[in-house]
Amino acid sequence: MEQDLSAPGILTSQLDQAIGWARKYSIFQYPFVTACCGMEFMSVACSHYDIDRFGAGFPRFSPRQADVLMVVGTISHKIAPVLRRIYDQMAAPKWVVAFGVCTCTGGFYDNYATVQGIDTILPVDLYIPGCPPRPETVLEGLMLLQKKIQAQGRRA
Amino acid sequence: MDLAPILSDIEALCGAPLSARGAGSDTVLTVPPAKARAAVEFLKAKHGFNVLVDLTCVDYQGFGKGTQNVSPAPEGRRFKLVYRLMALDAGTGLIKARLALDSWVDGESVPATIKDLFPAADWLEREVWDMFGVRFADRPDVKRILMYPEFTGHPLRKDYPIKKRQPLIGPADASARERLSPADLRPRIVE
Ligand code: SF4
């Protein structure tokens with residue numbers, strides 16, 4: 001009898017493992033590109049650094065189909081509600097990446113126009129600092145994110 | 001192009017001795033605000049200044065305070081409107097002449113619009129309004145161009161509080177972030 005009860009637990013944890021594994025290698029990203037970091041994003045996404053090795057090479061331009069919201073570039077107060085809406089439209093499970101210091105903290109734009117870190121308006125899973133971050137840094141961050149996805153952790 | 005005849009023409013138009021600085025394509029004339037539009041119109045019509053390179057504004061409030069620098073702003077007029085014009089030969093593509101006009105205004109004055117002369121001035125005048133709060137005449141319904149309509153004040157005025165934030169969403173006082181430590185210079189995951 002006891003054995004019968006524990007069996008489903010093993011099954012679901014194994015299933016979690018499998019789903020996590022599948023998810024981490026099939027990241028559909030929504031690139032929300034607003035500024036200069038976009039250049040570095042492009043170089044990560046293109047063949048030289050080849051983000052597709054990590055299964056994250058497929059950008060979706062519909063938030064409904066995306067798993068990871070890549071926020072790339074300065075976010076101004078004017079565009080902040082748009083970003084928030086994109087985030088709200090994404091279906092769970094979803095993850096958010098703050099790409100570059102502008103999105104992490106506002107960067108050097110401590111001024112009237114710039115959101116001082118996108119974590120003030122939505123939950124962020126991964127911070128990638130750098131102005132802009134080197135592609136290697138982005139890939140390092142992506143691997144951290146994959147670990148988190150494997151563990152099925154998420155903030156929203 | 002020899003600018004001397006143009007300068008004397010503008011001097012006659014303004015009815016006052018011009019102050020000019022710079023030379024050649026860097027020449028900058030200071031014209032009274034009431035004559036700025038007439039001068040632009042005249043330069044366009046008579047001297048082939050057919051391109052409005054820029055129309056912008058500079059706030060000189062507090063300029064040079066505590067330093068040796070003397071503010072060029074006349075008493076009570078803190079904003080400098082800058083019109084930059086270019087005479088372009090459409091046939092050869094060569095620049096014949098460049099000229100800038102300065103005109104000093106205060107925050108309340110409404111300089112004449114030049115958007116009927118140069119359609120490009122439409123957005124530039126909106127930007128001057130948005131950033132500096134200098135409104136052009138004949139544009140009572142002028143809209144902001146860069147900031148959102150909910151924004152109050154004019155952020156590039158020197159007296160706009162440097163720490164003032166007007167977020168549409170999110171906390172109002174999210175400015176002071178802690179200093180980053182070297183450990184923060186690596187990608188970081190938040191569980
Ligand atoms: S972090 Fe630097 S490179 Fe990236 S958007 Fe900001 S200013 Fe541009």
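In chain A, residues 24 or more positions apart account for 78% of the contacts with a separation of 6 or more. The structure is a predicted model.

**Secondary structure and extent of chain A**

- Chain A contains five helices and five strands.
- Read from the N terminus, these elements follow the order α-β-α-β-β-α-β-α-β-α.
- The C-alpha trace of chain A spans about 65 × 35 × 25 Å along its principal axes.

**Surface and charge of chain A**

- Chain A has 156 residues, and 47% of them count as buried.
- Its accessible surface is about 7,500 Å², and carbon and sulfur atoms contribute 59% of that area.
- Among the side chains of chain A, 14 are positive and 13 are negative; the centres of these two sets lie 7 Å apart.

- The side chain of Asp59(B) forms a polar contact of 2.7 Å with the side chain of Arg78(B).
- A polar atom of the Asp59(B) side chain also lies 2.9 Å from the backbone nitrogen of Gln61(B).
- When neighbours within four places in sequence are left aside, Asp59(B) is in contact with Arg78(B), Phe79(B), Phe132(B), Leu156(B), Arg157(B) and Lys158(B).

Notes: Residues are numbered from 1 along each chain as its sequence is written. Chains are lettered from A and ligands numbered from 1 in the order in which they are written. This is a predicted model: local features need pLDDT of at least 70, side-chain atom pairs count only at pLDDT 80 or more; totals for chains, interfaces and linings use all residues. Side-chain values use heavy atoms; hydrogens and water are left out. Helices (H or I, at least four residues) and strands (E, at least two) are DSSP runs, numbered from the N terminus. Buried means under 20% relative accessible area, exposed over 50%, partly exposed in between (1.4 Å probe, protein chains only). Contact means heavy atoms within 4.5 Å. Accessible areas come from the Shrake-Rupley method with a 1.4 Å probe; for residues, only the protein chains shown count as cover. Lys and Arg count as positive and Asp and Glu as negative; His and the chain ends are not counted. The place of a charge is taken as NZ of Lys, CZ of Arg, CG of Asp or CD of Glu. A polar contact is a pair of N or O atoms within 3.5 Å; within protein, one must be able to donate a hydrogen and the other to accept it, and residues adjacent in sequence count only if both atoms are side-chain atoms.
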